[in-house]
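Thanks for making time this morning. I would like to walk you through a few side-chain contacts, so please have the sequence and the model up while I talk.

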Amino acid sequence: MKKIVLLASVLVLCGGAFARAACTVEEAQAMATEFSNAAMALAQKDPNRYAEVAQAMQAQLPELQKNNDLDALCRFYDEWAVKMK
């Protein structure tokens, strides 16, 4: 009985991670477009904050794209979409 409760708890706590576990190429492309549009809008509205985004893009994106890790790429876009708001 304890194992069932423990398993149910783990599934509930990790549900969000499992739901986002598989990022497709199409999702990554759509997120890249949305990210780019948001970054351009931010560049016009707040150039100082955009500098932070540009630095992250230069530091993180090439490695993520080179590794073809779509999940990590989608997480990057998700995180920065929140930070740019």
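This is a predicted model: local features need pLDDT of at least 70, side-chain atom pairs count only at pLDDT 80 or more; totals for chains, interfaces and linings use all residues.

Lys 66 and Glu 63 sit three residues apart in helix 3, residues 47–67, which means that about one helical turn separates them; helices here are DSSP runs of H or I with at least four residues, strands are runs of E with at least two, and both are numbered from the N terminus. These two residues form a salt bridge, with the closest N and O atoms 3.6 Å apart, where the term stands for a side-chain nitrogen of Lys or Arg within 4 Å of a carboxyl oxygen of Asp or Glu. A search of the whole structure finds one such salt bridge. Lys 66 is exposed at 60% relative accessible area, while Glu 63 is partly exposed at 39%; buried means under 20%, exposed over 50%, and partly exposed in between, with a 1.4 Å probe and protein chains only.

Residues are numbered from 1 along each chain as its sequence is written, and side-chain values use heavy atoms, with hydrogens and water left out.

Asn 68 is not a glycine, and yet its phi is positive, at about 55 degrees; its relative accessibility of 63% makes Asn 68 exposed.

Now to the aromatic rings. How many aromatic pairs are there? The count comes to four, taking rings of Phe, Tyr and Trp (its six-membered ring) as paired if their centres lie within 6.5 Å, and calling planes under 30 degrees apart stacked, over 60 edge-to-face and the rest tilted. One of them is Phe 35 with Phe 76, with centres 5.6 Å apart and planes at 55 degrees, so this pair is tilted. Because Phe 35 belongs to helix 2, residues 25–45, and Phe 76 to helix 4, the pair ties together parts 41 residues apart in sequence. Phe 35 is buried at 5% relative accessibility, and Phe 76 is buried at 3%. Phe 76 also pairs edge-to-face with Tyr 77, at 5.7 Å centre to centre and 70 degrees between the planes. Ring pairs link Phe 35, Phe 76, Tyr 77 and Trp 80 into a cluster.

Finally, Lys 83 lies over the face of Trp 80, 4.4 Å from the ring centre, the rule being that NZ of Lys or CZ of Arg is within 6 Å of the ring centre and within 35 degrees of the ring normal.
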